[in-house]
Amino acid sequence: MTTKTSRFNSTIVADEYLESNVLFYLSDAVTQLLEHKEEYTQFGVIRYFAEYFSSVKNSNHILFREYNYIQATPHNRASFVRVVWRCYRQIGKSGDLMSMLEYRSLLQLLCPDFPVEIVQSAARIVLIDDASDCLISFADFLYAFQLQLYYQEFLDSVLVIYNDLLSGMSPNTVIVPTSTSIEQLPSVAADEGQMQHQDGVDPFPLAQCIDTLCERFKHSYPPRSCMREILQQTDKVSYFSFLLSLAKHETVNHSIGVLPSKAELLIDPEMDQELDKLIAQISVSPGSNSSGSAVVGLKEAQRRASPRRNIHHRRKIEVESDGSTEETDSSEN
């Protein structure tokens, strides 16, 4: 049977290659073409498909798309994390701390219908279930957000197991969720707010249940060796402390393959050069001392630093960018 080279390692069978979301992107490309046929005919169908799949490869295809599209594939989720990092890296470099609501506003500039529940869950990972609206650094939020978005279904399943163990059920009676059962549940994030502040659970039965879950789970999950390592280092573990350890674990970050290590997260010489040029231009241009000019300059830097947009989003990007200035100004005040 024909094989294809995987971008991660070795080779895969052609049928498996087609099952790795290729058909999803092909279907979306055709749908976008039909919905915007008049706009794309001037470029040509061949060029349109080339641009579409180039944007998918460059992780640029998720800009301003709906949340259902972003969460549809692991590549889309990882791509969104990458875009968030590239667009807002300067916030982290400046050392600014922001609230959960401010991070939600930034995410909704890139995805207008991005759900607040995921942002709340990411913030609670950093704050270890602290309900207060504390300020969070960009780096801490970004790694927690990456974990929550990329492994969302798995974390929901772990929460179900954790709550059962917390209620006193023995590991033998805990019902380990399947991929299908967790999808049928209402928002599992709602259970997070109902958890009492307790010392946690015994990590050994939790590790057993997580192993059983991984054997039958069809969605992505963190490396099992990392989870075992974290659970072996403590006598008691809470749900959010476990997630925080996963978010900080370098192997987990490497397995997703999007963000650099925390030491290199804010280092980007190319972006710094672009920003220095823009600051120099703003400082010498007449009438450029308004905050609005600075916001436009920052947006232009983000536009240059982020990957090239695909054809079927260029016009939409300009409209969305122009309309988002007021929101950005209000978030800075």
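How far apart should the ends of helix α7 be at 1.5 Å a residue? The twelve residues of α7 (residues 116-127) should span 16 Å, and the end C-alpha atoms are 16 Å apart, which agrees. The expected span is 1.5 Å times one less than the number of residues.

## Basis and overview

This is a predicted model, in which local features need pLDDT of at least 70 and side-chain atom pairs count only at pLDDT 80 or more, while totals for chains, interfaces and linings use all residues. Residues are numbered from 1 along each chain as its sequence is written, and side-chain values use heavy atoms, with hydrogens and water left out.

The chain has 19 helices and four strands. Both are DSSP runs numbered from the N terminus: helices are H or I with at least four residues, strands are E with at least two. Of the 333 residues, 46% count as buried. Buried means under 20% relative accessible area, exposed means over 50%, and partly exposed lies in between (1.4 Å probe, protein chains only). Take the contacts between residues at least 6 apart in sequence: 70% of them join residues at least 24 apart. A contact means heavy atoms within 4.5 Å.

In α7, the buried residues are Ile118, Val119, Ser121, Ala122, Ala123, Arg124, Ile125 and Val126. Just after α7, Ile128 takes a positive phi of about 50°.

Helix α8 covers residues 138-150. Its 13 residues reach 18 Å from first C-alpha to last, close to the 18 Å expected. Twelve of the 13 are buried, so α8 is mostly covered. Among the buried residues are Phe138, Phe141, Tyr143, Phe145 and Tyr150. Gln146 and Gln148 are buried too.

The axes of α7 and α8 come within 8 Å and cross at roughly 125°. Axes are lines fitted to C-alpha atoms, for helices over the stretch in contact, and angles run from 0 to 180 degrees between N-to-C directions. The two helices are therefore oblique to each other. Angles under 35 degrees count as roughly parallel, over 145 as roughly antiparallel, 65 to 115 as roughly perpendicular, and the rest as oblique. The crossing is right-handed.

## The largest nonpolar core

The largest nonpolar core has 83 residues. Such a core is a set of buried Ala, Val, Leu, Ile, Met, Phe, Trp, Tyr and Cys residues joined through side-chain atoms within 4.5 Å. Phe80, Phe114, Phe145, Phe154 and Phe242 touch the most other members. The largest share of this core, ten residues, comes from α8.

Phe242 touches Val158, Ile210, Met227, Ile230, Leu231 and Val237, leaving aside residues up to four places away in sequence.

Helix α13 (residues 224-231) and helix α14 (residues 239-248) have axes that come within 10 Å and cross at roughly 130°. They are therefore oblique, and their crossing is right-handed. Met227, Ile230 and Leu231 in α13 meet Phe242, Ser245 and Leu246 in α14.

Helix α5 (residues 74-94) and helix α6 (residues 100-110) come within 11 Å, axis to axis, and cross at roughly 120°. This pair is therefore oblique. Here α5 passes α6 in a right-handed crossing. From α5, Phe80, Val83, Val84, Cys87, Tyr88 and Ile91 meet Leu106, Leu107, Leu109 and Leu110 in α6.

## Buried loop residues

Ser59 is found in the loop between α3 (45-57) and α4 (67-70). It has a positive phi of about 60° although it is not a glycine. Its relative accessible area is 11%, so Ser59 is buried. Phe64 also lies in the loop between α3 and α4. Phe64 has a positive phi of about 65°, again without being a glycine. At 8% relative accessibility, Phe64 counts as buried.

Pro177 lies in the loop between α9 (152-166) and α10 (179-184). Its relative accessibility is 6%, so Pro177 counts as buried. Which residues does Pro177 touch, not counting those up to four places away in sequence? They are Ser157, Val160, Ile161, Leu213 and Arg216. Pro177 and Leu213 are 36 residues apart in sequence but 6.9 Å apart in space, C-alpha to C-alpha.

Methods: Left-handed = near helix turned anticlockwise from the far one by under 90°.
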